[in-house]
Amino acid sequence: MISASDILHGKILIVDDQKANIDLLERMLLGAGYTSVASTINPREVSELHGKNRYDLILLDIHMPGMDGFHVMESLKGTEPDDYPPVLVITAEPGHRRRALQAGAKDFVGKPFELIEVLTRVHNMLEARLLQKEIADHKDDNPALSNVIQRNIRKIIQVRLQSVREQTLQDRIANGMTTFSGSMPFFYLHVAWFCVWILLNTGRVGMPPFDPYPYGLLTMIVSLEAIFLSTFVLLSQNLIGKQAERLADLGLQTGLLTEHELTRVLQMLRAIQNKIGIRNDEDINLADADLEMETKLEDVLAEIERLKRREARVLRHGRKLS
């Protein structure tokens with residue numbers, strides 16, 4: 001299911017040699033809520049840009065110096081035959097439409113631009129493109145899992161990949177060193193290193209010992225290595241802590257929203273029950289009044305702190321909490 005948010009987050013590339021046309025289209029799209037709009041005045045960059053960013057829609061002008069829109073479409077087919085993006089051709093000449101269709105265009109928008117026409121055609125083409133990608137993504141789905149679970153799994157993976165892409169060079173180096181230092185190859189490397197070091201310093205291999213027992217140089221090197229590895233581990237833990245805090249905030253917001261929605265549902269059910277005159281079974285205590293109360297986060301936190309302080313006082317005085 002393609003949502004309005006998915007469409008507004010679709011990747012769009014505007015290709016036009018006239019900067020004024022690009023500025024006008026960007027204002028139209030950004031004003032309509034589209035969040036990922038890129039542009040270029042150089043048609044020779046289109047294939048490379050699409051290879052890097054995988055655009056969901058390309059708004060392509062036909063008349064451009066050096067390389068017109070028809071040649072751009074041919075270059076896209078040559079480099080990405082299995083992932084050809086939908087192209088919305090920008091042209092003021094109706095005679096070019098048939099040739100553009102044969103070249104691979106999916107739709108047209110005329111000049112001068114009309115806001116409703118541009119937004120409608122962009123929306124429809126993005127919706128079709130995203131639906132096509134979703135169908136392709138689901139072709140290998142596990143039939144034992146629902147579409148909701150499959151979609152949630154993909155969203156989680158996307159969030160994690162986005163976190164990885166946002167890491168700085170220092171974060172990546174720290175994560176790489178931490179991962180390697182916690183692996184078995186790292187252990188085997190040190191075992192081999194220590195054995196060779198000790199063997200060379202026994203004097204039995206035809207060379208004088210350079211670090212005789214008790215191996216002071218080796219001890220210093222290993223100590224320095226431990227300091228640096230500890231620093232890398234702490235850096236990685238800080239990064240993991242930030243990611244965990246982000247996910248915890250997301251989980252908290254989801255839980256609060258769920259609690260709010262369930263409270264509203266219970267209140268609606270109570271109103272329906274009263275409206276049609278249904279009475280509760282007197283033998284069953286559902287604690288409806290408690291369930292229908294809105295739970296406030298600040299009240300919950302305050303109660304947790306109160307109980308913690310109470311427990312601490314009891315422990316200090318050696319009494320059991322009743």
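Modeller: A residue is called buried under 20% relative accessible area, exposed over 50% and partly exposed in between, with a 1.4 Å probe and protein chains only. This is a predicted model, in which local features need pLDDT of at least 70, side-chain atom pairs count only at pLDDT 80 or more, and totals for chains, interfaces and linings use all residues. Residues are numbered from 1 along each chain as its sequence is written, and side-chain values use heavy atoms, with hydrogens and water left out.

Colleague: Why does Tyr213 count as exposed?

Modeller: Its relative accessibility is 69%, and the term exposed applies over 50%; therefore Tyr213 counts as exposed.

Colleague: What makes Tyr215 buried or exposed?

Modeller: Tyr215 has a relative accessible area of 16%. Buried means under 20%, so Tyr215 is buried.

Colleague: Why is the pair of Tyr213 and Tyr215 called edge-to-face?

Modeller: Rings of Phe, Tyr and Trp (its six-membered ring) pair if their centres lie within 6.5 Å; planes under 30 degrees apart count as stacked, over 60 as edge-to-face and the rest as tilted. The ring centres of Tyr213 and Tyr215 are 5.6 Å apart and their planes stand at 90°, so the pair is edge-to-face.

Colleague: How many aromatic pairs does a search of the whole structure find?

Modeller: The search finds six aromatic pairs. Trp193, Phe194, Trp197 and Phe210 are linked into a cluster by ring pairs.
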